[in-house]
Amino acid sequence: MAKKLHFRLPLLSTRATAIMSVALVLLILGLAATVGSVTHRITNSVRENMGFVLILDEGTTASEIESITTRLKSTQGVKEVVYTSPEVILDRWQNLVGDDEDIMQLAGINPFLPELEVKVLPPYAHSDSIHLLSSPFGLLPQVSDVRVSTELIDKVGNTLHSVSLTLIIIAVALLAVSFVLIFNTVRLTVYSRRFLINTMQLVGATPGFIRRPFLLENLLNGLIASVIACVGLGLILGGTSRFDPSIGDAVMVMDTALIMAAMVVVGIIICLAASLVACNRYLSLSYDQLFK
């Protein structure tokens, strides 16, 4: 009995080490995916606030403003149209400069004109696309000017593009490293039992019969490791949200659920694939080659 227990302990230790190694790799991959999801959401939020402003003539009637607004909303690429009256613009200006400078007393009239602020969809948040959208409206007789912050839009667009490209490169690198680490970890667990595979071959076991327990065991290992990684990710996100509530607001529950589901699928698939490749390798080796 003591000898049997002594034989099982190394196997359990090897299996536990493999599970924790896979779980750690999946946790890092899940954290990277979460950061990418939050960055993508923030990027879209920034892009959705880009657009242009139509400065309307002073004599533009309410029906003309409504007609232009309807035309803007029906234009492909436009997300939102907000009308701002001269009085509201004046109040904003006074709040900005304070009571020391009363523009109504200086000018005698309200110098501001009504505006239509147009926000575009994220795919159209580029200077070229915004110019194409705004150009037809700049020709309308009711529009006195079109304001487009081209330099700011280009600068923000270039920054977001660089951040997105960097995150994609990091994600691909992490995925490749994760696959290699998990693959090697599973292969080592099969390697430690290569002589058992050879013994089963000697007594006439078929390759399918030999593979089955290894595949089932590593499928279970991948599932357990994925669950551990998901629990770890949930604890990290929960703890971070308590420390900084804004992070909790940025992380969406649906996105986190999809990431966790992907972690489970990736963990199981990689463990199964690695187990299958390792079993096939040792099934094709002779007894003498097992010592190499």
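Author: A residue counts as buried when its relative accessible area is under 20%. The model is predicted. By that cut-off, buried residues make up 33% of the chain's 292 residues. The accessible surface is about 17,600 Å². Carbon and sulfur atoms hold 66% of that surface.

The chain has 10 helices and four strands. Their order along the sequence is α-β-α-β-α-α-β-α-β-α-α-α-α-α. Take the contacts between residues at least 6 apart in sequence: 83% of them join residues at least 24 apart.

Now the largest pocket. Its volume is about 350 Å³. The lining has 18 residues, and A32, A33, G36, L167 and A171 lie nearest the centre. Helices α1 (2-48) and α6 (150-191) each supply at least two lining residues. α1 gives the most, with 10 residues. By class, the lining holds 11 nonpolar and seven polar residues, with no charged ones.

The second largest pocket has about 240 Å³ of space. It is lined by 14 residues; N49, M50, G51, S149 and I153 are the closest to its centre. Strands β1 and β3 (115-120) and helix α6 each supply at least two residues of this lining. Here the classes are eight nonpolar, three polar and three charged.

Strand β1 spans residues 51-56 and includes V53. Beyond its neighbours within four places in sequence, V53 contacts E115, L116, E117, D145, V146 and R147. V53 and Y83 are 30 residues apart in sequence, and their C-alpha atoms are 9.8 Å apart.

Conventions
Residues are numbered from 1 along each chain as its sequence is written. This is a predicted model: local features need pLDDT of at least 70, side-chain atom pairs count only at pLDDT 80 or more; totals for chains, interfaces and linings use all residues. Side-chain values use heavy atoms; hydrogens and water are left out. Contact means heavy atoms within 4.5 Å. Buried means under 20% relative accessible area, exposed over 50%, partly exposed in between (1.4 Å probe, protein chains only). Accessible areas come from the Shrake-Rupley method with a 1.4 Å probe; for residues, only the protein chains shown count as cover. On a 1 Å grid over the protein atoms alone, a cavity is a set of points where a 1.4 Å probe fits but cannot get out, and a pocket is an open set with protein on both sides within 12 Å along at least five of seven lines; lining residues have an atom within 4 Å of a point. Grid points are joined across faces, edges and corners, and a volume is the space filled by probe spheres set on the points. Ala, Val, Leu, Ile, Met, Phe, Trp, Tyr, Cys and Pro count as nonpolar, Asp, Glu, Lys and Arg as charged, and the others, Gly among them, as polar.
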